[in-house]
Amino acid sequence: KKTPLSFQPADKALSAKVTVSEPGAWVLYLSQDFGLRSRTPQGMKPGGRQENPTATEVVRSYRSAIAYAGDSQFAQKPLGLPFELSGLRHGVHLELTLTRDGKPLPGVPVTVFAGGRESDAGTTDSAGRVVWDASSVGKGQVLFAVDWTDKPAGGSYDRGLWSTSLSIQL
């Protein structure tokens with residue numbers, strides 16, 4: 001079931017408290033679709049070329065962030081977000097899958113932040129997958145992140161800025 005969160009200002013960010021009150025896996029996610037924004041002589045404006053005929057560029061921006069909590073064993077199916085990382089755990093190996101609109105996205109680099117270090121987790125294969133070996137990290141929080149740009153031919157925008165992250169506890 002979905003539980004909406006109430007956010008409060010906290011320094012330079014927003015904060016929401018979540019109490020895991022039921023046994024089982026909990027998935028926390030953020031989905032922000034900024035839609036179309038146009039670069040015009042007057043600056044960035046909401047909407048595409050239809051609303052902004054003087055636009056020199058139309059950008060579509062979307063980001064998501066997913067975290068597992070509770071009794072999660074990190075064996076989750078994609079949530080169905082427009083752009084997301086999902087994964088399965090196989091012992092010390094984590095199999096991540098990157099999807100855009102539910103379809104695997106090949107050839108995209110995935111970054112991992114673990115043990116206080118940033119490194120390359122790999123590049124997605126033809127099925128949108130990366131397999132990462134967690135044995136060198138041991139226990140702790142791990143964050144996977146992807147930033148990807150597309151330039152669709154004949155689409156409603158000139159450039160897409162896509163971002164997603166996946167946080168898990170080893």
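**Figure 1. Arg100 lies in strand E7 (93-100) of a predicted model.** The model is predicted, so local features need pLDDT of at least 70 and side-chain atom pairs count only at pLDDT 80 or more, while totals for chains, interfaces and linings use all residues. Residues are numbered from 1 along each chain as its sequence is written, and side-chain values use heavy atoms, with hydrogens and water left out. Strands (E, at least two residues) and helices (H or I, at least four) are DSSP runs, numbered from the N terminus. Arg100 is buried, at a relative accessible area of 17%. Buried means under 20% relative accessible area, exposed over 50% and partly exposed in between, with a 1.4 Å probe and protein chains only. The Arg100 side chain makes a polar contact with the side chain of Asp150 at 3.3 Å. It makes another with the side chain of Tyr157 at 3.4 Å. A polar contact is a pair of N or O atoms within 3.5 Å; within protein, one must be able to donate a hydrogen and the other to accept it, and residues adjacent in sequence count only if both atoms are side-chain atoms. Beyond its neighbours within four places in sequence, Arg100 is in contact (heavy atoms within 4.5 Å) with Arg60, Pro82, Phe83, Leu105, Trp148, Asp150, Tyr157 and Trp162.

**Figure 2. Thr124 sits in the loop between strand E10 (117-123) and E11.** Thr124 counts as buried, because its relative accessibility is 6%. Its side chain reaches the backbone nitrogen of Val108 at 2.9 Å. Residues up to four places away in sequence aside, Thr124 touches Leu98, Leu105, Pro106, Gly107, Val108, Val110, Arg129 and Val130.

**Figure 3. Trp132 and Phe144 in the largest nonpolar core.** This core holds 29 residues, and Trp132 and Phe144 touch the most other members. Elements giving two or more residues to it include strand E6 (83-90), strand E9 (109-114), strand E12 (141-150) and strand E13 (159-169). A nonpolar core is a set of buried Ala, Val, Leu, Ile, Met, Phe, Trp, Tyr and Cys residues joined through side-chain atoms within 4.5 Å. Not counting residues up to four places away in sequence, Phe144 touches Leu85, Leu94, Leu96, Val110, Thr111, Val112, Ala121, Trp132, Thr164, Ser165, Leu166 and Ile168.

Figure 4. Asp11 is found between strand E1 (8-10) and strand E2 (13-15). Asp11 is exposed, with a relative accessible area of 86%.

**Figure 5. Pro53 in the loop between strand E4 (43-46) and strand E5 (57-70).** Pro53 is exposed, at a relative accessible area of 67%. Its C-alpha atom is separated by 38 Å from that of Ser126, 73 residues apart along the chain.

**Figure 6. The protein as the setting for the close-ups.** The secondary structure comes to zero helices and 13 strands. The C-alpha trace spans about 55 × 40 × 30 Å along its principal axes. Of the 170 residues, 35% are buried. Among contacts between residues at least 6 apart in sequence, 49% join residues at least 24 apart.
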